[in-house]
Amino acid sequence: MTNLLRMILGVCLLGSVACKSGTNASAAPPPPPAAPPADVTSAPVGAPIVAELTAPPFVPAPITRDKPAKVIVNLEVQEKELPISDGVRYTFWTFGGTVPGSFIRVRQGDIVEFHLQNHPSNKMPHNIDLHAVTGPGGGAASSFTAPGHESQFSFRALNPGLYVYHCATAPVPMHVANGMYGLILVEPPGGLPKVDKEYYVMQGDFYTVGKYREKGLQPFDMQKGIDENPTYVVFNGSEGALVGDKAITAKVGEKVRIYFGVGGPNTTSSFHVIGEIFDRVYTEGGVHAQEQVQTTMVPAGGSTIVDFTVNVPGTYILVDHSLFRAFNKGAVGMLKVEGAEDKVVYSGKEVDSVYLSDKAGPGVGTTVAEATASAEAGTLTLEQQVAAGQALFAGTCSTCHQPDGKGLPPTFPPLVSSSYIAATSMDALIGGVLNGLSGPINVNGVDYNGVMPPMSYLADDDLANMMTYVFNTMGNKKGKVSKADVARIRATTPRPPGAAH
């Protein structure tokens, strides 16, 4: 080895030793784990407390006691048929009769005595895995419960935070996909910062044999679940859970807190409130907050706490910002805020109906449900179809053709007293709505050259009702369109792989 090579190697070795020495000398030793507050590991104080459990979107009152307690939680599993969309029913498996399950609120250090009851009318065994439990299975192995039975186990709530709970009975994904999830909040001593309103929202993905908004009782589709191809992605168990008169509310100047979780079983949420910025986001349900956040990612089986102040009135839209989930699978909710306007903060104008789709109009669920029930009974009238179609028209056809049907020249033709509707065959009109139209057409003596996208993703009866509404109002006299008419045209239309249904 040459002298030069020896020198180079020596310098490298010395440098390496120096770097290691310098790193070790300058780096502080890792801090020891933070000790929990003294009272967190102390014995419970006072008589046992029966926990207040609340159905979504509400939460129990904040905990004001300054010592751990023994808290008794009684939670019953109920398998029940509930609406998942307008005119669509689904058999949910629930904790406490709702999706998500009842909200549980305890204090760090509490001893929780958990009672899980499985209603005698249920058909399946169930259990519960609480992510707030420190121990194998999170309580699942201790809570396997057959119909008509009850299980009991206890745990100490060691860690503060917002945690998911869910059923963990095989097949686990199927139980979760049927709605078996909820949230448990473990408050730190002293509680969270005070806010004016608190709400409970969870997102879940559901897998039905029928397509989106196909009416009637829909069974679970295991293969769609395996393929991670949800029919619905919704807040609080249904499309209608947080819209219209079920919207959450606040007043101008109030600070709002949303405890948000994702039950899954598959999808992650890009949670966003349109028109608001989160003052604080407790990422993944932990105790440290990020500030000034627009959209926060929440994994399946995870949670977050978001705080924000509402400064101007109006309707704020909750969405999963993976937007096809919001507008084509149902992940839309509303926060309605009342109070004085502040033109400096925002110049005004109520939320555009494009964000609400058909939820923009009043009475959507009622009129669609009535039409569905009458169709199932064979008594559907023209008047019921028109009413349901009018409700569905808002935010769908009205986005381009306008709520009054007068269109927007020179791109979107009018539907009012339309010469095109009068001169075109019914089958061609249905085909145009199903498959889309492009290129120039003449309506009422005016040339229009635009593109109407295909609406084949909508259910047959919804399309029939919307067309019946247009064809029998706005100065048109075209006649009635049936679900069977739409299905017939759909079946005769070839579509490439991957196209809408």
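Lysine 215 is found in the loop between strand 10 (197-206) and strand 11 (216-218), where strands are DSSP runs of E with at least two residues, numbered from the N terminus. The model is predicted, so local features need pLDDT of at least 70 and side-chain atom pairs count only at pLDDT 80 or more, while totals for chains, interfaces and linings use all residues. Residues are numbered from 1 along each chain as its sequence is written, and side-chain values use heavy atoms, leaving out hydrogens and water.

**Lysine 215**
- With a relative accessible area of 12%, lysine 215 is buried, a term that means under 20% (1.4 Å probe, protein chains only).
- The side chains of lysine 215 and aspartate 461 are joined by a polar contact of 3.3 Å.
- A polar atom of the lysine 215 side chain lies 2.9 Å from the backbone oxygen of arginine 213.
- Leaving aside residues up to four places away in sequence, lysine 215 touches several residues, including Asp86, Val368 and Asp462; contact means heavy atoms within 4.5 Å.

**Leucine 185**
- Leucine 185 has its place in strand 9 (residues 181-187).
- Leucine 185 is buried, and its relative accessible area is 2%.
- Not counting residues up to four places away in sequence, the residues that leucine 185 touches include Phe103, Leu162 and Tyr259.
- Valine 59 is 126 residues from leucine 185 along the chain, and their C-alpha atoms are separated by 9.7 Å.

Key
Helix = DSSP H or I, 4+ residues; strand = E, 2+ residues; numbered from the N terminus. Buried < 20%, exposed > 50% of the residue type's maximum accessible area, 1.4 Å probe, protein only. Polar contact = N/O pair within 3.5 Å; in protein donor to acceptor, adjacent residues only side chain to side chain.
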